[in-house]
Amino acid sequence: MDRETLGQRIRALRIRQGVSQAQLAFPELSDSYISLIESDKRVPAPSVVDLLAAKLNCSATYLVSGVSEDVVDELRVTLDYAEIALSNGAAVEARARFAEVLASADAVALPEMLHQARWGHALALEAAGELEQAIAQLTALTKEASAETDLDHWARVHVALSRCLRERGDISAGVQAAENALRHLIATGADSTDAAVHLGAAMLAAFIERGDLVRARQLGLQLIERAERIGSPRARMVAYWEAAYVAEIRGEYDEGVALAERALMLAGDGEDPRDLNRLRVIYAGLLLRARPDQAARARELLAHVRGESNASSSGEIDVAWCLTELARAETALGRPTEAVRLAEEALDLLGDAPRRATAGALTVLGEASVRLGRRDRAVEVLTRAATCLEEMESSREAAQAWFDLAEVLAETGTAEEPRMAAYRRALTCVGV
C-alpha cells in the first residue's frame, strides 16, 4: 500500500482540524502556496515543514514520513540499543537489533534512520566475523554515500570496506577500494583532509599485507607528511600508527616502537575503543619483537586489552588478534603450554573460514608446539598457516610461514625433499 504524500498528509490534518488553507497559511504564508504544497506541486523547505507541523499539532517527522511519533520513538530506542550493544562488544545482539529496524516497513520512510541502521548492521556483521555479508552491505553503502555531503562518513564507509576485504584475504580488492576512493578525493581537491589520511592508511595496510614494502614505505612517509600538514591529532595518530606497522614488517622494530608510542600519545579520550585497542595490540607486538626483555610488559598490556574487550566494540577478529599476541608473549616468557591454550582459543573464535587472523594464530600455535616438542603438531599447523596465507595473496607472510615450516622439518629430521619443497614454496611467494 502506497503511503500518503506530504501534501496529502497536510491536507488531511488541516481538514480534520477544520482549518481552511488561508487560516493555515496566515500570517507567514499565502493560501495559494498551501494549495501548491497540498497538490504536491511544491516541496516546502524544512523551516516551512516545521512551521506547518507546529500549526497542525504534529511532529515534522510525521509530516515528512507519515510515521507516527510513537513508532519513530520505538525505532529510535531499538537503534540506540543496537549501537550500545555494538559499543559493548555484543556483536550478535547488535546485529539482531539493527536487523529489527531494517525489517520495519516504517523505517523505509525514515531515510536517515534507515541509513544509520544499515551502517551499524554492516559494522556488527564485521565484528561478528561475518565478512561476506558485511562486504555486501558496505559495497552498497559506498555507492550511496556522498563525499560532497558528508566527507568523513564517506571515507569511513570506504575504509571499512577495504578493511573487510583485506581481512577476508582479498588484498588486491582492498587496495583498489581504498585507492579509488583516494583518487576521488585528490580529483576533487580534498586530499588534505582527515578522510584522505584514513584512506591512505587503509591502502598502506593493504600494500603491507600484499608484501609491497617499497610502495608501503613511500606511502607511509607521504601519510606522515600529509597528516602533519593537516595538523589534526586524529590524522597524525593514524599516520604514525600505520608507519609503525610498516616499520614492524620491515624488521625495524625499534623505530616501530617509537612510532607506535607517538601514535598512542596522540590518541585522545574520545578515540574509538576498538581502534585504541588495536593500536595497543600492535604496540605490544612490536615490544615483543624489538625488546624481548620487555615481554612481561607486553603481556600486561595485552591482558589489559583483553579485559577491556567486553567494554568496547571489539569483535571476534580483534579479540583473536589480541589472544594471538598474548600467546606470543607467553611463548617468549617460557610458558608454551599457556600459549597453546590462548592460540587455540583464538582459533575457536575464528571458526573454519580462512582469515589473516587465523593464519596468525596458527603460526603462533606452531611456534609454541615446537617449544613443547610437539613436532608433528607444529608441522601440521604451520602447513595450514602457510597455505592459508598463500591463498590470500599475503606473499611476504606466506614466505615466512613456509620458511618456518622448513626449519621445523629440518629440526625433526624429516627427509630432504619435504624440506626443500617448503623452501621452494617460500622462494616462490617472494617471486624468486
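Is E367 buried, partly exposed or exposed? With a relative accessibility of 29%, E367 is partly exposed, where buried means under 20% relative accessible area, exposed means over 50% and partly exposed lies in between (1.4 Å probe, protein chains only).

**Before you select anything**

What you have open is a predicted model, in which local features need pLDDT of at least 70 and side-chain atom pairs count only at pLDDT 80 or more, while totals for chains, interfaces and linings use all residues. Residues are numbered from 1 along each chain as its sequence is written, and side-chain values use heavy atoms, with hydrogens and water left out.

**The whole chain**

Show the protein chain as a cartoon, and you will find 23 helices and zero strands; helices (H or I, at least four residues) and strands (E, at least two) are DSSP runs, numbered from the N terminus. Along the principal axes, the C-alpha atoms fill a box of roughly 95 × 40 × 35 Å, and 49% of the 432 residues count as buried.

Next, colour the chain by pLDDT, which is the predictor's confidence in each residue, from 0 to 100. The average for the chain is 83, and 91% of the residues score at least 70. Confidence is highest in helix α9 (residues 131-144), at a mean of 93, and lowest in helix α23 (residues 416-429), at 70. Where pLDDT is low, the predicted coordinates should not be read in detail.

Select F26, which sits in the loop between α2 (21-25) and α3 (31-38) and is exposed, with a relative accessible area of 63%. If you then draw a distance from its C-alpha atom to that of A406, 380 residues apart along the chain, the separation is 86 Å.

**A negative patch**

Move on to E69, D70, D73 and E74, which form a negative surface patch. Such patches are made of residues with over 30% relative accessible area and no salt bridge, with like charges joined within 9 Å and nonpolar side chains (Val, Leu, Ile, Met, Phe, Trp, Tyr) within 5 Å. Within this group, D73 belongs to helix α6 (residues 69-87), and its relative accessibility of 48% makes D73 partly exposed.

The whole structure holds 27 salt bridges, each being a side-chain nitrogen of Lys or Arg within 4 Å of a carboxyl oxygen of Asp or Glu. For one of them, select R183 and E179, whose side chains meet at 3.7 Å, N to O. The two are four residues apart in helix α11 (residues 171-187), and therefore about one helical turn separates them. R183 is exposed, at 52%, whereas E179 is buried, at 19%.

Begin with R328 and E325, whose closest N and O atoms are 3.3 Å apart; both lie in helix α18 (residues 316-332), three residues apart, about one turn of the helix. Both are buried, E325 with a relative accessible area of 7% and R328 with 18%.

R328 also meets E367 in a salt bridge of 3.7 Å, N to O. R328 lies in helix α18 and E367 in helix α20 (residues 356-371), so this pair ties together parts that are 39 residues apart in sequence.

Notes:
Accessible areas come from the Shrake-Rupley method with a 1.4 Å probe; for residues, only the protein chains shown count as cover. Lys and Arg count as positive and Asp and Glu as negative; His and the chain ends are not counted. The place of a charge is taken as NZ of Lys, CZ of Arg, CG of Asp or CD of Glu.
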